[in-house]
Amino acid sequence: MADAEYVSIWMRPERPARGPRPAYSRAQITEAAVRIADAEGLEAATMRRIAAEIGAGAMSLYRYVPSRDDLVELMADRLQGEIDLTELPSGDWRADLTRYAGQVRAMWLRHPWITTVHRSLPGFGPNQLLLIERVMGVLDPYVPIDENLALMTILNGYVEGAVREEVSWAEEVRRSGLSESQWTARSFPRVQQLMESGRYPFFTRIAMEARRPHLSRDEQFRHGLDRVLDCVAAALPATAGPRRRTEGGGKKTGTGRATSRPGA
């Protein structure tokens, strides 16, 4: 479809102004597509397969969802609707962003096929828009909108990168048939050889001293998230509340660098 002909799926009416009531809905089609993708991967969620799932003719579904890109857009927005935004923002920015990041991670792990979706431009579906409004509201009292965007980009980049790596690792474990501990044991001779060479001091320190690689996946995610939130805290005024957390999870309050809105 040429750019001049493009119309967002969200701008297309779901049912015609006149005529009989449609036999199916976009929500039905989207739910079927997500079920198939969860079970067999995104590529399996074809119009033919979805039609068989809901008992429709394959070509008839194009009246509801004109293209593959539109279908993926509907599926992605459906997944964003799983993120619980209740009581966001609560006034505790750090608790809010911790909960948000954890929920995004959990959603991606429930639907690992979403890691294969590469969308550089937002679609502005209803669930995505609600997410923007609620999550951007968390830092809005403390920073200008551009700073808010930059900080949320950092946070979302960490979450996406961490979960993509986690999903990729799980797929490698599945493909190889080895558990993580078996993979580590198989790699040990090479690790030992590298350490004994004396040529890689930082690699050796990582292998001998680093604690993070031995944490559980949940602990690794939270460890990295806390560091990202420490960076967010450094950009907020001192009045914004909790600045950082100790390793044990308790809160510390510090001063940090204060910022202000332009013209304030």
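A salt bridge is taken here as a side-chain nitrogen of Lys or Arg lying within 4 Å of a carboxyl oxygen of Asp or Glu. Under this rule the count comes to 15 salt bridges, in a model that is predicted.

**Overall architecture**

The protein holds nine helices and two strands, and read along the sequence these follow the pattern α-α-α-α-α-α-α-α-α-β-β. Of its 264 residues, 36% are buried. Among contacts between residues at least 6 apart in sequence, 62% join residues at least 24 apart.

**Salt bridges**

| Pair | N to O distance | Relative accessibility of the Arg | Relative accessibility of the Glu |
|---|---|---|---|
| Arg78 and Glu31 | 2.6 Å | Arg78, 23% | Glu31, 30% |
| Arg105 and Glu166 | 2.9 Å | Arg105, 10% | Glu166, 12% |
| Arg174 and Glu171 | 2.5 Å | Arg174, 56% | Glu171, 39% |

The side chains of Arg78 and Glu31 meet in a salt bridge at 2.6 Å, N to O. This pair links distant parts of the chain, with Arg78 in helix H3 (residues 68–80) and Glu31 in helix H1 (residues 26–40), 47 residues apart. Arg78 counts as partly exposed at 23% relative accessibility, and Glu31 likewise counts as partly exposed at 30%.

Arg105 forms a salt bridge with Glu166, with the closest N and O atoms 2.9 Å apart. Because Arg105 lies in helix H4 and Glu166 in helix H6, this pair ties together parts that are 61 residues apart in sequence. Are these two partners buried or exposed? Residues under 20% relative accessible area count as buried, and so Arg105, at 10%, is buried, as is Glu166, at 12%.

An α-helix has 3.6 residues a turn, so residues three or four places apart point the same way. Arg174 counts as exposed at 56% relative accessibility, whereas Glu171, at 39%, counts as partly exposed. Elsewhere, salt bridges that share partners join Glu31, Arg78, Glu82 and Arg110 into one network.

Helix H6 runs over residues 145–176, and at 1.5 Å a residue its 32 residues should span 46 Å, which agrees with the 46 Å between its end C-alpha atoms. Its buried residues include Asn148, Leu151, Met152, Leu155, Tyr158 and Glu166. What covers the buried residues of H6 includes H4, H5, helix H7 (180–197) and helix H9 (217–234). Just after H6, Gly177 takes a positive phi of about 80°.

Thr115 is found in the loop between helix H4 (93–110) and helix H5 (126–139), and counts as buried at 13% relative accessibility. A polar atom of the Thr115 side chain lies 2.8 Å from the backbone oxygen of Pro112. Leaving aside residues up to four places away in sequence, Thr115 touches Trp108, Arg164 and Val167, and Val167 is one of the buried residues of H6.

In soluble globular proteins, nonpolar side chains tend to be buried together. The largest nonpolar core here has 62 residues, of which Trp93, Leu139 and Leu155 touch the most other members. At least two residues of this core come from each of H1, helix H2 (47–54), H3, H4, H5, H6 and H9, and the largest share, eight residues, comes from H6. Not counting residues up to four places away in sequence, Leu139 touches Trp93, Leu97, Asn148, Leu151, Met152, Val232 and Leu236.

**Aromatic pairs**

A search of the whole structure finds three aromatic pairs. In one of them, the rings of Tyr24 and Tyr64 have their centres 6.3 Å apart and their planes at 75°, so the pair is edge-to-face. Tyr24 belongs to the segment before H1 and Tyr64 to the loop between H2 and H3, so that this pair links distant parts of the chain, 40 residues apart. Tyr24 is partly exposed, with a relative accessible area of 21%, whereas Tyr64 is buried, with 7%.

Technical notes: Residues are numbered from 1 along each chain as its sequence is written. This is a predicted model: local features need pLDDT of at least 70, side-chain atom pairs count only at pLDDT 80 or more; totals for chains, interfaces and linings use all residues. Side-chain values use heavy atoms; hydrogens and water are left out. Helices (H or I, at least four residues) and strands (E, at least two) are DSSP runs, numbered from the N terminus. Buried means under 20% relative accessible area, exposed over 50%, partly exposed in between (1.4 Å probe, protein chains only). A polar contact is a pair of N or O atoms within 3.5 Å; within protein, one must be able to donate a hydrogen and the other to accept it, and residues adjacent in sequence count only if both atoms are side-chain atoms. Contact means heavy atoms within 4.5 Å. The expected span of a helix is 1.5 Å times one less than its number of residues. A nonpolar core is a set of buried Ala, Val, Leu, Ile, Met, Phe, Trp, Tyr and Cys residues joined through side-chain atoms within 4.5 Å. Rings of Phe, Tyr and Trp (its six-membered ring) pair if their centres lie within 6.5 Å; planes under 30 degrees apart count as stacked, over 60 as edge-to-face and the rest as tilted.
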